[in-house]
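Hello,

Here is the structure I said I would pass on. My notes follow below it.

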Amino acid sequence: MPEPTLKINEIYLSVQGESSYVGLPCVFIRLTACDLRCTYCDTTYAFTEGSPMTLEAILKKTESYGCKLVEITGGEPLLQQNVLPLMAELCDRELTVLLETSGAHDISGIDPRVVRIMDLKTPGSGECAKNLLENIPHLQSKDEVKFVIGSREDYEWSRETVKKHGLYRKVNTILFSPVFRHVGLKGQTTGHLGIDPKLLVDWILEDKLPVRFQLQLHKFVWPPNQRGV
């Protein structure tokens, strides 16, 4: 039988830009394809670009960096079923494995050793209806739930969703992240997306929410649109 493969967009070493693991060296394995089209997506190149790699080739390249933290991202990794045995094998090799997933696909079959960083899509994403709320009972305390917030409406929806589904009791880390604002050389904001991060901080403090505010660290270290970082 042919060796199992995955369509891979890129594999690279960088520092973790988000989550409670922010700032740590991390190998990123970015898979090709996504079935959502969020308004603020910053990895549209991963929708179609990529080449097949065997699981063994992926493992070999990942281990060549000598880093114990690995993130599986996309695109949407769970669209490719062979990602499940890949994550299990990475765990078997005593690596810490993070999975970034949109929350629109079943997470119940993922190896329990994997840290699942699951989005719940806000109204401003344009994909709120795709949230698979049946995933919530499968979350473990070490998993993380992320809300990407681009407006007051998104914030209030996120605040109420956390409360409604008892997420404070399910996971230790809830992430509130502002949609990134692209700022030009003269300080002007470009495009129509994004909010002032200070606004989001003010709202969190005003409501005394026990959530983790986060920025996308890599977009401040490197140019916002740079790949492979």
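Directly after helix H2 (residues 83–92), Glu94 has a positive phi of about 65°. Helices here are DSSP runs of H or I with at least four residues, strands are runs of E with at least two, and both are numbered from the N terminus. This is a predicted model, in which local features need pLDDT of at least 70 and side-chain atom pairs count only at pLDDT 80 or more, while totals for chains, interfaces and linings use all residues. Residues are numbered from 1 along each chain as its sequence is written, and side-chain values use heavy atoms, with hydrogens and water left out.

In H2, the buried residues are Val83, Leu86, Met87, Ala88, Leu90 and Cys91. Buried means under 20% relative accessible area, exposed over 50% and partly exposed in between (1.4 Å probe, protein chains only). Their cover includes S1, S2, helix H1 (55–64), strand S4 (69–73) and strand S5 (96–101), where contact means heavy atoms within 4.5 Å.

In helix H3 (residues 152–164), Asp154, Tyr155, Ser158, Thr161 and Val162 are buried. They lie on the same side of H3, because they cover an arc of only 135° around the axis (taken from the directions from the helix axis to the C-beta atoms). Exposed Glu153, Lys163 and Lys164 are on the face of H3 turned away from the buried side. Among the elements covering the buried residues of H3 are strand S7 (144–149) and helix H5 (197–206). Gly166, which follows H3, also has a positive phi, near 60°.

Val22 is in the loop between strand S1 (5–15) and strand S2 (25–31). Val22 counts as partly exposed because its relative accessibility is 37%.

Regards

Notes: Expected span 1.5 Å × (residues − 1).
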